[in-house]
Amino acid sequence: MRSNIVTEAGLPTRVGQWWEGIPFLTSAIMIICGTIYLVCLLVGYDSFVEICFLPVAILSQFQVYRIFTSVLFHGSLLHVLFNMLALVPLGSELERIMGSIRMLYLTILLAISNAIIHLFIAVVMAHNPLHHYDNPMNECAIGFSGILFSLIVIETSLSGIQSRSVFGLFSVPAQWYVWILLVVFQLLMTNVSFLGHLCGIVSGFAYTYGLLNFLLPGTPFYSAMESSSLLSSCVRRPKFILCTGGNPSAQLPTYSGQNTVTNGLAFPNVWRNLSSWMPRRDVVTEPQQDSRFPGRGRTLGSVQNQTVPVDDSEFNLQTRLLDMSAAHHQSSDGRQNNTAVVDRATPIQNQRPVAFDAAIQKLVSMGFEKTQVEVALAAADGDVNIAVEILMSQKE
């Protein structure tokens, strides 16, 4: 019974941790799209022709709002679920790199650029002198997938990987990944907007190659937006990621833009920022010893790089005790062994004060061997308590 209780309690916890790991803007888009779909489902709204991306209505009646409403509305549960699940890894990764405000600006920019490219292609095909093809002008498209295809292009170019997996079935070269997705979706679902997805790919490549750099503001713009009173409630949210450094959540990495230029996600700058997240080997430097504190303390982790002095007191205690013990118990050439012991103990005896001799006598009276006592006291800098601990550890 207890295992079942743990399992039932673990699922909400895992879902909560998964949700907390999604940055602010990505989770906000998921909430907005999901809420719009649920409201439409509850009230029975299905007149998508009024809000979809319809080129003929945009051009003839100047219904520019369709550029944005078509992105937020979805036609079915599978449609919104698939798009939002695809948004989580793409949007989360890019938002952690750029920050929430910069990611919002990118999303709006991609929506507008996708619409402009879509309108241009539809007009060209409708007014082609060789053959008039009016279907793109009357195509009604909804969904977030056009922006998703743009994000796939951007994320693929930033990741630098050589191959990607298509639904876990097979791997393809990274540069062909988005094109294979375009074909696969069109073959599996014939009612998807091929032109909408294609425009998303073109817009993503335009952004990646810097063709949209003149539309990207600099860091001061994002800083002003983050410090605006209108967005103060959003900036204080724990999952909000600042564009110019700082991390309110203390969990998600942020994009630091102190030395960035106005081209936002230009590839060299982004790759430099991405590389700063990679784990690096710590370089330990030799600490400078203060003449006021001539101790033998070391910084943890730097012992490997320190040079051990030749002084007798710096020898490894374990080695010295073993050497002393071996010299004391060796049966052959006893005079030579005793001489070695005397020679090693001579510097200690010549320099030790009266308190040092008293400490030796005290420890010897406790039953410890004199040679081991001398070495232990030297290693403990005359501290009797530490010397006792050293001697007791040797007996164990």
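Predicted model: local features only at pLDDT ≥ 70, side-chain atom pairs only at ≥ 80, totals over all residues.

Colleague: Which residues does UniProt list for "transmembrane region"?

Modeller: The unreviewed UniProt entry lists residues 21–45, 65–91, 103–124, 136–154, 166–188 and 194–216.

Colleague: How far apart are the end C-alpha atoms of residues 21–45?

Modeller: They lie 33 Å apart, and that span is 80% helix and 0% strand.

Colleague: And what about residues 194–216?

Modeller: There the end C-alpha atoms are 28 Å apart, with 65% helix and 0% strand.

Colleague: Changing topic: which residues form the nonpolar patch on the surface?

Modeller: Phe 62, Val 64, Phe 68, Leu 104, Ile 108, Ile 112 and Ile 116, and together they have about 620 Å² of accessible area.

Colleague: Which helix gives the largest share of it?

Modeller: Helix α6, residues 100–126, with four residues. Ile 116 sits in that helix.

Colleague: Why does Ile 116 count as exposed?

Modeller: Because its relative accessibility is 53%, and the cut-off for exposed is over 50%.

Colleague: Where does Phe 62 lie?

Modeller: In the loop between α3 (55–61) and α4 (66–72). Phe 62 is exposed too, at a relative accessible area of 66%.

Colleague: What's its phi?

Modeller: Phe 62 has a positive phi of about 55°, though it isn't a glycine. Most residues other than glycine have a negative phi.

Note on methods. Residues numbered from 1 in each chain as written. Heavy atoms only, no water. UniProt positions renumbered as here; feature names shortened; annotations may be inferred. Helix = DSSP H or I, 4+ residues; strand = E, 2+ residues; numbered from the N terminus. Patch = residues over 30% accessible without salt bridge, like charges linked within 9 Å, V, L, I, M, F, W, Y side chains within 5 Å. Areas by Shrake-Rupley, 256 points an atom, 1.4 Å probe, with all protein chains shown as cover. Salt bridge = Lys/Arg side-chain N within 4 Å of Asp/Glu carboxyl O. Buried < 20%, exposed > 50% of the residue type's maximum accessible area, 1.4 Å probe, protein only.
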